[in-house]
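Reader: I am new to this structure and would like to go through it step by step. Could you show it to me before I ask about it?

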Amino acid sequence: MPQTLVDRELTSQLEAMERTLNRQGLKLERYLEYVGKTIDQWVEEQRPDAEDRLKVDLVLAEFARREGLEPSDEDVITYLESRRTRTTT
């Protein structure tokens, strides 16, 4: 698994966690201080999970490609709307 891809996944995950914490009125630095970790420690702890998620994503993408599976525009819109609803609550 290319490390740049894993690093990008970890950055995305960290940014998502930071947004979630901010919505709850917390700062990422304060959260990490509370759990007793640095950003580097958190990243290294999360690396195996990020690699696993990427492997699953790659396998699913290849399966979908081989099977000719592609969501309809309606499926994409429904999914995006459900994600928007989930992130605003």
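Reader: Among contacts in the chain between residues at least 6 apart in sequence, what percentage join residues at least 24 apart?

Author: This is a predicted model, and read along the sequence its chain follows the pattern α-α-α-α, with 4 helices and 0 strands. Among contacts between residues at least 6 apart in sequence, the part that joins residues at least 24 apart is 69%.

Reader: What radius of gyration does the chain have, beside that of a compact globule of 89 residues?

Author: The C-alpha atoms fill a box of roughly 45 × 35 × 15 Å along the principal axes. A compact globule of 89 residues would have a radius of gyration near 12 Å, whereas the chain has 16 Å.

Reader: Is tyrosine 79 buried, exposed or partly exposed?

Author: Tyrosine 79 is placed in helix H4 (residues 73–88), and together with Val76 and Leu80 this tyrosine makes a nonpolar surface patch of about 290 Å². Buried means under 20% relative accessible area and exposed means over 50%. Because its relative accessibility is 48%, tyrosine 79 counts as partly exposed.

Note on methods
Residues are numbered from 1 along each chain as its sequence is written. This is a predicted model: local features need pLDDT of at least 70, side-chain atom pairs count only at pLDDT 80 or more; totals for chains, interfaces and linings use all residues. Side-chain values use heavy atoms; hydrogens and water are left out. Patches are made of residues with over 30% relative accessible area and no salt bridge: like charges are joined within 9 Å, nonpolar side chains (Val, Leu, Ile, Met, Phe, Trp, Tyr) within 5 Å. Accessible areas come from the Shrake-Rupley method with a 1.4 Å probe; for residues, only the protein chains shown count as cover. A salt bridge is a side-chain nitrogen of Lys or Arg within 4 Å of a carboxyl oxygen of Asp or Glu. Helices (H or I, at least four residues) and strands (E, at least two) are DSSP runs, numbered from the N terminus. Buried means under 20% relative accessible area, exposed over 50%, partly exposed in between (1.4 Å probe, protein chains only). The radius of gyration is taken over C-alpha atoms; the globule rule is 2.2 Å times the number of residues to the power 0.38. Contact means heavy atoms within 4.5 Å.
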